[in-house]
Amino acid sequence: MNLILVFDEASEGDTSIIPRIVAEIKFATVNTPEVIVHSEKADRIRRVSPYVRYGFVLGGMSHIPGRVLRLGQRFDFIATLPADLNGPEMSAFIEAMRQEAETSRELTKVLFGHRKPTLFHKRLIINNRTSGLGEEGEKVR
């Protein structure tokens with residue numbers, strides 16, 4: 001199993017780390033049972049740590065297959081990365097991970113009562129390589 005784990009170190013409390021992002025990585029191909037299993041894992045992990053951002057990264061694939069979008073609704077993000085990790089796609093991926101980590105920190109504040117929200121809103125952002133991965137993609141509301 002290939003996995004990305006992004007965490008904050010904790011100096012207080014019962015743990016030494018606070019998980020922020022968990023991302024399953026699948027290279028070259030992905031099949032339906034894998035998507036279902038990883039999507040279910042996302043749901044179960046979030047029951048323990050509701051602030052964790054859970055994603056699915058498809059390495060060496062040119063686009064996200066439709067079945068991954070249909071079956072992976074429990075993922076917070078799904079991304080593809082080319083085999084060459086030195087291009088603009090990698091920079092965009094790193095920036096997306098920074099944003100996901102910040103979202104996790106904000107969710108923690110809300111879930112543990114440190115912030116009192118008056119609006120909670122999720123937004124869908126879709127990027128494609130033909131428009132340039134570094135540019136902001138189409139926003140669907």
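Reply: Let's start with the term itself: a salt bridge is a side-chain nitrogen of Lys or Arg within 4 Å of a carboxyl oxygen of Asp or Glu. The model is predicted, so local features need pLDDT of at least 70 and side-chain atom pairs count only at pLDDT 80 or more, while totals for chains, interfaces and linings use all residues. Residues are numbered from 1 along each chain as its sequence is written, and side-chain values use heavy atoms, with hydrogens and water left out.

Me: What makes Asp8 and Arg20 a salt bridge?

Reply: Their N to O distance is 2.9 Å, and the rule asks for within 4 Å, so the pair qualifies. Asp8 sits in strand 1 (residues 2-9) and Arg20 in strand 2 (residues 17-27), so the pair ties together parts 12 residues apart in sequence. Strands here are DSSP runs (E, at least two residues) and helices are too (H or I, at least four), numbered from the N terminus.

Me: Which residues are linked in a network with Asp8?

Reply: Arg20, Glu102 and Arg105 are linked with Asp8 in a network of salt bridges.

Me: How do you know whether Arg44 is buried or exposed?

Reply: Buried means under 20% relative accessible area, exposed over 50%, and partly exposed in between (1.4 Å probe, protein chains only). Arg44 comes out at 54%, so Arg44 is exposed.

Me: And why is Glu40 called what it is on that scale?

Reply: Glu40 has 24%, so the label is partly exposed. Glu40 and Arg44 also meet in a salt bridge, at 3.1 Å, N to O.

Me: How many salt bridges does the rule give?

Reply: The count comes to 14.
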